Amino acid sequence: MAEASKTRRRAVGLLARLLMALSISFAALVQPAMAQSILRDAETEALFRDMARPLIEAAGLRPENVDIVLIQSNEVNAFVAGGQAIYFYSETLTTADNANEIQGIIAHELGHITGGHVIRFGEGVKVATGITLLSLLLGAAAMAAGAGEAGAGIMAAGQQAAMGKFLAFTRAQESATDQAGAKHLAKAGISGKGSVSFFKKLQNLEFRLAVPQEDSYARTHPLTGERLAVLQEMYKADPAWDKPTDPALEERFQRVKAKLVGFVKDPQRTLARYPERNKSIPARYARAYAWHKSAYPEKAVTEIDSLLAERPRDPYFLELKGQVLLESGKPQEALQSLRQAATLAPEQPLIASLLGHALISTEDKSNFEEAKQVLRSAVARDNTNPFAWYQLGIVYNREGDDARAALATAERYNLEGRPHLALPNAEQALRGIPTGSPDWIRAQDIAMVSRSAVEKDKRKR
């Protein structure tokens, strides 16, 4: 009896450890993506919106409700993680050859959203967990009866069956998503050639990494070759197969790709990819970023001036010139370019927030009122930018408006997911802002959310 009791305790312990392992593995899946740096750029976000709009509408969704977020990473990947948001790793954009390839990826990820696959993820986990728990209980019973090896075998077989069931579930989701993406492309009148060519890139990567191609049983996705065979047949039957991408959209994509390469890659790699003999707009754009990162602001400005000579009213070239001058310690010189950029692109709050930063950085008190107006306008159009709130907090602080400086700081920390810092600032704002005013109500909202998060964190400890 004593031995049987020990066996049962070991089985219960194993069950507890498995349940803990399941929760830890899910956290590990979620946390790396959240830990990455989100990249925000006005030109890139405008391109994403215009590339995705016909696909979002074809999927039956509202464009204003779907966000496309760029994350800095050396991995080629895109995913959805709840809600109506698509996340792209930066390497995916720098790997793509054209805009149509990115549209193919967007269509696929929209298939995950319309299919509710993140919500239904729990269904696959529930089935797999049920199989695992049943095998553990049967195995524990066998071990308690003295059949130790048989019990261990039941547990191992159950875990393998559970994993197989879960992988089959995810493969089915991916296959359904491929077909949904193809339908979204067809309805939007966009060619599937880009989708096929990007899948071929992934297949070539699998070949280089020696990923087995014989059996998809142990994979979360069907074999890329299998997916290509199905998709090519669907795409080629679609009237849009030979439809070219809008040349203006393609030109914008090549610009964004080049500036992203310049921003995220090592400058030497950028200069090798876009050598100085290449005088195209994307090449000069990429080199401007590379020279700036290499601490050669004069060379960066020379490249940008050559771009502005061709397109003097391009707000994104003007924005970059202002950024280079500002980050090179010349905020006063940056103002002209940034003011022009903000005037030419009044719908771009990221440009406005950079102008506000430059105005503050001049340390000229006569610029502070303009900075406040610019930054208030920026956060009114996009209140999810922590940097803009930080700059606005500086302006309020220098004006002696400590309560609104605290509110701006609370907004910043709330966006950054730091409730322990957001809460005291929201409480300070409540003490100094007139009760019942819009700012007071906003401070109260942040205080309530932050207090709840802080208390939840204390309970976990």
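Q: Why is strand β4 said to be largely enclosed by the rest of the structure?
A: In this predicted model, 5 of the 5 residues of β4 (residues 85-89) are buried, so the strand is largely enclosed. Buried here means under 20% relative accessible area. Ala-85, Tyr-87 and Tyr-89 point one way from β4, Ile-86 and Phe-88 point the other way, and all are buried.

Q: What makes β2 and β4 a pair, and how do they run?
A: A pair needs at least two bridges. β2 and β4 have 5 bridges between them, so they pass, and they run parallel. One of the links to look at is Ile-71, whose bridge partner in β4 is Tyr-89.

Q: What about β3 and β4: how many bridges join them, and in which sense do they pair?
A: There are 3 bridges, and the pairing is antiparallel. Val-80 has its bridge partner in β4 at Ile-86. The two strands form a hairpin with 4 residues between them, and Gly-82 in the turn has a positive phi of about 110°.

Q: What joins β1 to the strand β2 (residues 67-72)?
A: 3 bridges do, and these strands run antiparallel. With at least two bridges required, β1 and β2 pair as well. On this side, Leu-39 has Leu-70 of β2 as its bridge partner.

Q: Which strands are called edge strands, and why?
A: The sheet is open, with 4 strands in the order β1-β2-β4-β3 and mixed pairing. β1 (37-39) and β3 (78-80) are the edge strands, as each pairs on one side only. Neighbouring strands in this sheet are turned by 35° against each other on average, direction ignored.

Q: How do you know whether Asp-314 is buried or exposed?
A: Check its relative accessible area, which is 9%. The limit for buried is under 20%, so Asp-314 is buried. Asp-314 sits in the loop between α12 (297-310) and α13 (315-327). Leaving out residues up to four places away in sequence, Asp-314 touches Arg-255 and Leu-308.

Q: And why does Gln-323 count as buried?
A: Gln-323 has 16% relative accessibility, and that is under 20%, so the label holds. This residue is found in helix α13. Not counting residues up to four places away in sequence, Gln-323 touches Tyr-289, Leu-338 and Leu-354. The C-alpha atoms of Gln-323 and Ala-334 are separated by 7.0 Å, although the two are 11 residues apart along the chain.

Q: What makes Tyr-285, Leu-320, Ile-351 and Leu-355 stand out in the largest nonpolar core?
A: Of the 48 residues in that core, these four touch the most other members. Helix α15 (residues 349-361) gives the largest share of the core, with 8 residues. A second, separate core has 40 residues, including Leu-70 and Trp-241.

Q: Which residues does Ile-351 touch?
A: Among them are Ala-42, Pro-315, Tyr-316 and Leu-338, with residues up to four places away in sequence not counted.

Q: Zooming out, how many helices and strands does the protein chain have, and what share of its residues is buried?
A: The secondary structure comes to 20 helices and 4 strands. Of the 461 residues, 48% count as buried.

Note on methods. Residues are numbered from 1 along each chain as its sequence is written. This is a predicted model: local features need pLDDT of at least 70, side-chain atom pairs count only at pLDDT 80 or more; totals for chains, interfaces and linings use all residues. Side-chain values use heavy atoms; hydrogens and water are left out. Axes are lines fitted to C-alpha atoms, for helices over the stretch in contact, and angles run from 0 to 180 degrees between N-to-C directions. A nonpolar core is a set of buried Ala, Val, Leu, Ile, Met, Phe, Trp, Tyr and Cys residues joined through side-chain atoms within 4.5 Å. Buried means under 20% relative accessible area, exposed over 50%, partly exposed in between (1.4 Å probe, protein chains only). Contact means heavy atoms within 4.5 Å.
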